[in-house]
Amino acid sequence: MRPLVLATLFSEGRLDTTAAFVLAGVIGLAFGFWLERAGFSSSRRLTGVFYGRDFAVIQVMFTAIVTALLGLRGLVVLGLVDPATVYQMETFVGPQVVGGLIFGVGFVMGGWCPGTALVGLASGKGDALVFLGGAALGSLAYAFAWPSLASFSTVGACGVCTLPERFGLSTGVTVLLVVGVALFAFVVVEALAARRTRAPA
Amino acid sequence: MNAPLAPATPQRFWNPYLAGAGLGLTLLVSFVTLGTGLGASGAIARGAAEVTHAVAPQAVESNGYLGSWFEGGPALRHYLVFMAVGVFIGGLLSARAAGRARFQVERGPTATVRRRLVLALVGGVLVGFASRMAGGCTSGQSLTGGALMLDGSWAFTMAVFAGGFGAAWFVRKEWN
C-alpha cells in the first residue's frame, strides 16, 4: 500500500550488525562535527547559559529539536516514513525528573555533558578527560547500586508516552506549540544577549 | 600546557542556528536510517563496564544492571559505541580544521586548575550516574526524545535546566 516507506535498521532488527556499526560511526562523525562547530568543545560556552553569558546551548538545542521534529513529521505526512520504524523510549517520570535534576547539577559543575565532553577531549581539553573518567565512575556507581535503585527506576512508568497524548492535543497542534516555544525562547535569549552587549561592564 | 597544535587565531564558532540545523538534520538522518536517535552516555557506560569486566568478569556478569550487556559478546559491540567513536573523530577533525585543537584546562579567569579538575570529576560522576538513572543524556533524551515529543524526555530536559540554574550560584567561581 505504501511502497515507498523506508525501512530502518532498528525496524529490521539489524542494529547489532556491522552495517549498523558503520552507519552509527558515520552519523557520529557528523554529530561530533556539528557539536564542535557550535562551540560545544568549550565548557565555558556550555555553562554560559546558566550565568546569562552565552545562550548557544538553548539556540542550538532547540533548533536541532525543531529541525528533526519537522523533518520527521514531514516525512511521515508524505508517507515516506512509518513512525513505528523509529525506536521510542518509554517514559519513567520519576527517574527522568530526578535524573535530570542530578544531571543539571553535574552539568554546571563539570562543564560538560557526555557528547560534548567527547568533542572537548578531541579539541584538547584536559577537564573533559577528567569529566569522562568521572562519568565512567558514576555509571558504574549506578550499576552497582542497582539492587537498591531498581524499584525507583520504574516510578511513573507510562510506556511510550508523548506530549500530544499527555495534553490531549493533536500531533499537529503539539508540533506548532513546540515550534512556538522554541521561537519564543530564541526571541527571549536574543533580547537578553542584546541587553548584555549594551550594558556597561 | 599550550601545545602548538593550532594557529594563533582560531576561527570563530559557527552561527548557533546553523549548527543547530546541521545537528537536527544529523538526528533526522539517524531516525530514518538507523531507526534510533543519537546517544553518548551509553557508550561511556559500556566502556566503563568493559574495563571493569576485564578485571572482575563475574561481578559484572552477575550485576543486575550490567549483566545483559555481555550476553551477546563484549559490551563494546554496540552501535552507540561506534557512534561515540565517530563523535570524537568528527570533533577532532572540526577542531583541527578550525585551529581550535589546543591542550588546556578551560576555566573561568579566577579559577585554579585544581578547582576546575576537582569539579569536573565530581560533575562527571553525577552526570554518569544521572544518565543511567534517566536512561540517557542530553543527546539520547533531550535531543532525541525531544524531537520525538516524548513527555519523559521533555521532563528530563526541564529538570536539567532546573538543576543547572539551581546549582550555578554555588560553582560560579569556577566559571566567572
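How many residues of domain 1 of chain A are in contact with residues of domain 2 of chain A? In this predicted model, 11 residues of domain 1 of chain A are in contact with 13 residues of domain 2 of chain A; two residues are in contact if their C-beta atoms, placed from the backbone, lie within 7 Å. Local features need pLDDT of at least 70, side-chain atom pairs count only at pLDDT 80 or more, and totals for chains, interfaces and linings use all residues. Residues are numbered from 1 along each chain as its sequence is written, while chains are lettered from A and ligands numbered from 1 in the order in which they are written.

**Domains of chain A**

- Chain A is divided into domain 1 (1–87 + 167–201) and domain 2 (88–161), with bounds from an automatic or database domain assignment.
- The centres of domain 1 and domain 2 of chain A, taken over C-alpha atoms, are separated by 19 Å.
- On the side of domain 1 of chain A that touches domain 2 of chain A, the elements giving two or more residues are helix 1 (18–37) and helix 2 (43–47) of chain A; helices (H or I, at least four residues) are DSSP runs, numbered from the N terminus.
- That side of domain 1 of chain A has six nonpolar, four polar and one charged residues. Ala, Val, Leu, Ile, Met, Phe, Trp, Tyr, Cys and Pro count as nonpolar, Asp, Glu, Lys and Arg as charged, and the others, Gly among them, as polar.

**Helix 3 and helix 9 of chain A**

- Helix 3 (residues 56–77) and helix 9 (residues 171–198) of chain A pack at an angle of about 160 degrees, with their axes 10 Å apart.
- This angle makes helix 3 of chain A roughly antiparallel to helix 9 of chain A (over 145 degrees).
- Residues making the contact include A:Phe62 and A:Leu69 of helix 3 of chain A and A:Ala182 and A:Phe186 of helix 9 of chain A.
- By class, this contact of helix 3 with helix 9 of chain A has 11 nonpolar, one polar and one charged residues.

**Domains of chain B**

- Chain B is divided into domain 1 (14–102) and domain 2 (107–176), and 18 Å separate their centres, taken over C-alpha atoms.
- Nine residues from domain 1 of chain B and 10 residues from domain 2 of chain B form the contact.
- Helix 2 (residues 41–55) of chain B gives the most to the side of domain 1 of chain B that touches domain 2 of chain B, with four residues.

**Chain A with chain B**

- The contact takes 110 residues from chain A and 111 residues from chain B.
- The side of chain A that touches chain B has 69 nonpolar, 34 polar and seven charged residues.

Conventions
Axes fitted to C-alpha atoms, helices over the stretch in contact; angles between N-to-C directions. Parallel < 35°, antiparallel > 145°, perpendicular 65-115°, else oblique.
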